[in-house]
Amino acid sequence: MSNWAKFIGVFIICCQMAACGGGASSTDTPASDTSVNTKPSLAEVTALTEAFNSAQALWANTAPANYHYTYKEGPVGYKFDAYSPVTIWVQSGKIAQVTSGIQVLKTEDYTHASIEQLFIRLSYTMSHSPADTNFHAEYDPLLGFPTQFKVTPGCCAAGTQLLVTDLQIDP
């Protein structure tokens, strides 16, 4: 089974656990977070879809073949800071190197981490999540790559997020 398929399976299970009350407990969210999750309106879904499509088109039109960026993925809330960022190096459109701090990681464990693959993952998550799932997405205004993406199931505060920073175009 490919790493991509394994990742999708684990991601779906984690999302389902969070949506059903499994996984992180409600104490994982700071007490100051008093937001109430409700089913997103049609206007919110339409805006999210249009922003996603515009950003993906912008990236497709301007995507460099060689770039590197840092990303971090983990739970929504204050525990997100405990997760280590990973730097992804893409050359000729393929992941060439992955580092965390000074440690070089296996590229085959990060086949899902190019910007193109991030768009695929975000699209899959948005289209396969329960209707009451809340999404927050931000995109780079010049290149269109996703800079932040949060998924929060409607029934509880547990969720997941992805943060992309420091994208640099390489020669």
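I began with helix α3 (residues 115-128), which has 14 residues and reaches 20 Å from its first C-alpha to its last, close to the 20 Å expected at 1.5 Å a residue. The expected span is 1.5 Å times one less than the number of residues in the helix. Helices (H or I, at least four residues) and strands (E, at least two) are DSSP runs, numbered from the N terminus.

I note that the model is predicted: local features need pLDDT of at least 70, side-chain atom pairs count only at pLDDT 80 or more, and totals for chains, interfaces and linings use all residues. Residues are numbered from 1 along each chain as its sequence is written, and side-chain values use heavy atoms, with hydrogens and water left out.

Ile115, Leu118, Phe119, Arg121, Leu122, Thr125 and Met126 are the buried residues of α3. Seen down the axis of α3, they fall within an arc of 165 degrees, so they line one face of the helix. The arc is taken from the directions from the helix axis to the C-beta atoms. Ser127 and His128 are exposed on the face of α3 turned away from the buried side.

I next followed Arg121, which is buried with a relative accessible area of 7%. Its side chain meets that of Glu73 in a salt bridge (2.4 Å, N to O). The pair links distant parts of the chain, with Glu73 in strand β1 (residues 67-75) and Arg121 in helix α3, 48 residues apart. The structure holds one salt bridge, defined as a side-chain nitrogen of Lys or Arg within 4 Å of a carboxyl oxygen of Asp or Glu.

I also examined the second largest pocket, which holds about 370 Å³ of space. Of its 17 lining residues, the closest to its centre are Pro40, Val45, Leu48, Thr133 and Phe135. A pocket here is an open set of points on a 1 Å grid over the protein atoms alone, where a 1.4 Å probe fits, with protein on both sides within 12 Å along at least five of seven lines; lining residues have an atom within 4 Å of a point. Its volume is the space filled by probe spheres set on the points. Helix α2 gives the largest share of this lining, seven residues.

Of its 171 residues, 37% count as buried.

Key:
Buried means under 20% relative accessible area, exposed over 50%, partly exposed in between (1.4 Å probe, protein chains only).
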